[in-house]
Amino acid sequence: MPRHKFSTVLTGLFLFAGLRGGMECAAAPPAPPAPAGAPVHACARLAGLVSPGEAARRLAGRPAGERRARLVALLSADAAGRAAPVTLRLRAAGARDVRLIWSAGVVCADAPRAAWDEIARQEGVVAVFDDPPREESELLDSAAGPNPAVPPEAPLVAMRVPEAWQRGYTGRGTVVALMDTGVDRNHPDLAGQIWVNPGEIAGNGLDDDGNGYADDVHGYDFADRDPDPSDSAGHGTNAAGLIVGDGSAGKQTGAAPGATLMVLRRGTTQATLWEASQYAIENGAHVLSQSVSWKWSFLPRPDYSTWRRQAETELAAGLIHTNSGGNTGEQLGTEPIPYNVAAPANCPPPWLAPEQVPAGGVSSVLGIGNVDARTHAIAPSSPYGPAEWTDIAARRDASYPWPMPPAHQDYPAWSGQPGLLKPDLVAPGENSTSTALGGGYTTFGGTSAATPRVAGILALLREAAPRATPAELARALLVSAQDLGPAGRDARHGAGMPQADAAIDAAGPPLFVAAQEVSDDGPPRGDGDGAGDAGEIVRLALTIENASVDALSGVDLVLRGGADAVVRDGYVRLASIAAQGAAVAEFTVEFPAGSCARAAELALEMRQGGRTRVEPLFVTIGTETRQALFADDAEQDRGWSVAGSATSGQWVRQAPVGTTKNGAPMNPASDASPAPGTLAWVTGNGPTTPDAADVDGGATTLTAPPRDARSFARVELRYARWFASNDAASEDRLLVEATGDGTAWRPIEEITAPAPAWRPRTIVLSDLLAPGARTALRVTVEDVGSDDTVEGGLDEVLLEGIAIACSEYAPPAGPTPDEVGATLRLAPAAGGHLLLTWDPPSAAGGVDPPRGYRVRRSASASGGFAEIGQPLAAEFTEVDGVTGPAPGAAAFYLVESLRP
């Protein structure tokens, strides 16, 4: 039975010396300074990190699941390496609760002020900022409306949600992460929609899935640091009802009753929200909903750049985030424009409307304002835009203490510049009704209520378009919204109020590329080896999937190429695709000479019923080949070395001897290999008494022999690891590192939460470092501080190099075939297109068949012909028909055959 949590939060603020400037601040007075040796909760912002956007570009074209996993590995390892000097100093200072939040690029802890002052001077640290707990009343963007009898279904009707339900969409398959005060999981309207972690076993005290959190079956409590995210105040239960409330107790409140709710109970520091967001990224959420915000008036001021990096990481991982804009519209004295929209609602959206000038960077966040649920009039407390991203200290307030990197100075609002259009949308907030803590219903309002409504509509939209990107989802909501204020976007209403049914249509047809296959023919178009090489003309077969519950007819597919892929036959019309079925469309693509071992980028335009969706495609030119550089199942000596300072428990290669302590596994009882394997690398591995041979008094390190990986385009590392510790302070650790040159070691993962089971891991090592002549792996298990029981294990190690084999293909020489002659025929084609056909040149007289054709078009018969296609067959579809300066304008076509 989940419990209801209640807690009191004491606010401690740290006032920076000399705080002054052009913006008045009437925040609560700061608490007395902490004693010099007293711990202060603060965070260090790390320098030199890989940007989430750059990481996403590196991984473009990979399937969504692989892309997210590799992004997590890349960014977390990059942050871990840069954080090492900070975490070492914090541990030496006796800091508590040291946490690397890689997604935000910060290290946070409770540590003495002197330690933080020293860390602020370290190379590789941008700034150190205090992160004191705030009062709940400061954070929450909720307001109780005066009329609890308002029918809860009215806002759903206004946003055309029932029409989406009638089309079969309820949010199925979408995981919404709710970052709030927790959720009453016993509420009848919510009980059936709570996320269940498939890799976790409830109540055994273990981190069964190895994600760093034990027993996190339904989410996690980042305030009390335990696996029970039950509600503490009712706010989270209120928000949950507007997302997934299914009406079991009598009132239909949720926009997406078929969605699944991941419950993340946040604390009252920025760090707990960033870590909760990171959990959502790592554990498969699709949509985030957050109804708290950090206001300009807070002291210390919000570190906007760190909030934005967190939002950029969410976007790179494929998440879209709805956030309350703050109930700050009536507080312009303390929350002035262009900082009236609070963080992170002031971060850029995933998609920029054409009227957004300048067009700077993007992130995951849709900032939400609120209107009255009865009248749809803007609520006085709804925030005012625009937002601004600039060098605040130089341009706005000299006392603003946090550096703003150049990439985050892209939306200035000074000297007549417009800033960033905010809020993005408004939704019914004031006078809403939702689920109540303990059962039943209650009144709910503010941007806190508006925000989860938009999250629920995003769940509907994502079910209708499950492969849509955050940018596509955001665009669909924004272009289809009901304009409530002055014509066009404005600083109170944004684009207007979402319309679920219209947004589903605006997202484009529910068509997605489920698979792709390249094949080549024999001469004269290719070498016939089954792979696409430079110089070849290949067939690209795309499996098109219909995610809709309805059959789709009249599907037009238009493939467009790029520098490394010339589309020869780029149009296919599919008569129909069955509901949730698939069809295969074949296109012809030519890979130019010199394009070996590249990922050619194309784009497939899918049209149906007046809707259009474009999906990028990436096709590898060549064939991937794999070579095992180092493989070890521990059954034989493969040349590992052992070193370290531990007084006992050094690594050994033996058959593991299982141990337990207080009922929990410590040393593994078997290896990770399938039978007949029996051996693994384990620490100590003495008698069955758990403390007799575990790691004590320092660290033990196991290092693999180096391998030359320089000739491979990609290097992957696989291993199974084990880590057990009974250290309540989470100081003990298992650290996995890798190197390319044998000298510079990069952290791969650091485990401090007990994970006493064999955990298989796959890392694309080349995402993290340059594979070199001395590429190797090492694993350290360390007993830090008090004498705890600490054990580690390693097995099933595979270092694998992936190369791309590609040979240039040269078409055979031959005579030029006959011209097609005056046989060109034109006829209308389905979909409003024009079909051109002609007779192929004669093969008489030993003339080789054509390798293909070139189709050119001009507005004049006398010249100016421009190429519009290179088909293989003796036909070509002019997509969208003939275009000209006026209706009925003439077009002239010229078709030539190409040499073999």
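Modeller: The side chains of R160 and E163 meet in a salt bridge with 3.6 Å from N to O, the term meaning a side-chain nitrogen of Lys or Arg within 4 Å of a carboxyl oxygen of Asp or Glu. R160 is partly exposed at a relative accessible area of 31%, and E163 is partly exposed too, at 24%; here buried means under 20% relative accessible area, exposed means over 50%, and partly exposed lies in between (1.4 Å probe, protein chains only). This is a predicted model, in which local features need pLDDT of at least 70 and side-chain atom pairs count only at pLDDT 80 or more, while totals for chains, interfaces and linings use all residues. Residues are numbered from 1 along each chain as its sequence is written, and side-chain values use heavy atoms, with hydrogens and water left out.

A second salt bridge joins the side chains of E615 and R467, at 3.0 Å from N to O. This pair links distant parts of the chain, 148 residues apart, since E615 belongs to strand β21 and R467 to the loop between α11 (446-464) and α12 (470-479); helices (H or I, at least four residues) and strands (E, at least two) are DSSP runs, numbered from the N terminus. E615 is buried at 7% relative accessibility, whereas R467 is partly exposed at 40%.

R539 is partly exposed at 29% relative accessibility, as is D521 at 31%.
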